[in-house]
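The following exercises, each with a worked solution, concern a single structure. Please study the sequence and the model before reading the solutions.

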Amino acid sequence: MSVTKVRLAPPAVWGLVLSGMVMLLSACSTTPPAPLRGTGDLGVVIERADGKVKVIETTGRGVLATVGGLGDLSHASVVFSRDGRHAFVFGRDGGLTKVDLLERRIVGRVVQAGNAIGGSISHDGSLVVVQNYEPGGIKAFDANTLELLADVPATTEDGTRSKVVGLADLSGKRFIYALFEAGEIRITDFSDPRNPVTQRFEGGKQPYDALVTPDGRYYIAGLFGEDGLALIDLWNLDKGSRKILSGYGRGEQPLPVFKMPHLRGWSVAGGRAYLPAIGRHEVLVVDTDTWEEVGRIKVKSQPVFAMARPDGREIWVNFAFPDNGWVQVIDTVTGTVTDTLQPGRGILHMEFLSKGHEVWLSARDDNKVVIYDTASKQQIGGFDSASPSGIFFTTRAARTGF
Amino acid sequence: MKVPPLAAHVAVLIGAALISALASAAPQSPAPERARELVHIVRQDCGSCHGLTFKGGLGPALTPEALADKPAEGLVATIVGGRPGTPMPPFQTILSEAEAEWIVDQLMRGFPPDAGLPPASDAR
């Protein structure tokens, strides 16, 4: 048995190594730790031309970071994880990008289709579903890993695929959506995510977008190809769908629609739904018990968004090109336009703080986000942003249909 | 030197043919400010249906490849008059036929990038 002599480094080397370690450790301890913070006052602004998003903070009314590398963001939309930490950004080019709002960086990205239009997240937060124009259909992804779990083509009997519009989350990992060409409404159940089950309903001619009411009970699809909307009572699915507001255009020649309206649950307030008419410069008012028309309000141009302030007292309306520099405010008590504002050029989107005291508006052609006080209708803030479009606050994480 | 009458006629005919060929190959450009505005409208507002990169959306793709086999007159007519039964609206209240011809020509060549609108004057 031989004894191996262990050779230690000379003391001089140890001296150097040890002092180096001490220096490194002390350097670490002097780096301030990232301050703890919540995400309830965070959000995302889409900079559509540059494939970037701005991570914003509503408390300080400012920008925390700009994150790039998200692809073609024309018509991009966003949903949030249940904890409000991650934003899932759906790009036009089929890109699905997961952004960490605290670390302010991309933590996952897949390009899942040729041409996409938006997405949704399941009530339990486990599934992100994307709606695609090309190839027409929906796809379900694991919200943690962005792994593809299911591909559900929007195919009809003749073998053709339709563009999918109006995707919304329902209870129990179900999603509802409409098929533009086929004029159908479908519900796909992802309870077993890799083996989805789909139910089909009649829709109407050329559904262009849809909404689920904030309580999750009704689904309403707007129709481009006919005067009316399709309604499904989700508590009574056996009754199928029915038409509401049929013939609201009264057979008159429709005015040109230079931009399709957008529908979401924000249009429901105080037992009424405020819906943009198609080809008429009107907001239609519907009773949400009877689904009968109870009024219509003349507005400046073709409405795009008719959004209720979260307290339901006002509806803010923006307009299609070439009148997209205007915003009108409707008082829901009197049913009249009370304010006509010009917040900037190219107002593409509005987003209210969850209690409604502020609204953020994107002024694409001024390269600015402007912030208005909803009580005084005065601008109280804003910041530069390159060609901003959608503005999305994390408070959406808590709402059905967002 | 006296030019023979036949040669003169031929020269005039060839010249006229050349001029009309050139004219149809390249529609007249609008004034620079209007051109900038049209590029912005097409990129941004047509782009809301056709995509900012014209790869399509609710409306079809408008890339040079996608338009290659389509006659220009039909495309101009679609811009000016819309396409009934589809969401494509008529743009006759927004631009002239000559401007639509220029837009179609630019689309078929590969559309220029958007420089945005000029900054708003303080007089807004």
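Predicted model: local features only at pLDDT ≥ 70, side-chain atom pairs only at ≥ 80, totals over all residues.

**Exercise 1.** Carry out the corresponding analysis for A:Arg61.

*Solution.* Step 1: A:Arg61 has 16 C-beta neighbours inside 10 Å. Step 2: a residue is exposed if the count is 12 or fewer and buried if it is 20 or more, with partly exposed in between. Step 3: A:Arg61 therefore counts as partly exposed. Step 5: phi of A:Arg61, a residue other than glycine, is positive at about 50°.

**Exercise 2.** Describe the open sheet that contains β31 of chain A.

*Solution.* Step 1: the four strands of this sheet follow the order β28-β29-β30-β31 in chain A, with antiparallel pairing. Step 2: β28 (347-352) and β31 (378-384) are the edge strands, each pairing on one side only. Step 3: from one strand to the next, the twist averages 20°. Step 4: five bridges link β28(A) with β29 (residues 358-363) of chain A in the antiparallel sense. Step 5: one bridge pairs A:Phe352 with A:Val359 of β29(A).

**Exercise 3.** Explain why β16 and β19 of chain A each have one side without a neighbour in their sheet.

*Solution.* Step 1: the strand order of this open sheet is β16-β17-β18-β19 in chain A, and the pairing is antiparallel. Step 2: β16 (207-212) and β19 (241-244) stand at the edges with a single partner strand each, so one side of each lacks a neighbour in the sheet. Step 3: the twist here averages 25° from one strand to the next. Step 4: within the sheet, β17 (residues 218-223) and β18 (residues 229-233) run antiparallel and are joined by five bridges. Step 5: A:Gly222 is found opposite A:Leu229 of β18(A).

**Exercise 4.** Where does A:Pro322 lie, and which residue does a cis peptide bond join to this proline?

*Solution.* Step 1: A:Pro322 is in the loop between β25 (314-319) and β26 (327-331) of chain A. Step 2: the cis bond joins A:Phe321 to A:Pro322, with omega about 0°.

Methods:
Residues numbered from 1 in each chain as written. Chains lettered and ligands numbered in written order. Pairing = 2+ DSSP bridges. Helix = DSSP H or I, 4+ residues; strand = E, 2+ residues; numbered from the N terminus. Axes fitted to C-alpha atoms, helices over the stretch in contact; angles between N-to-C directions.
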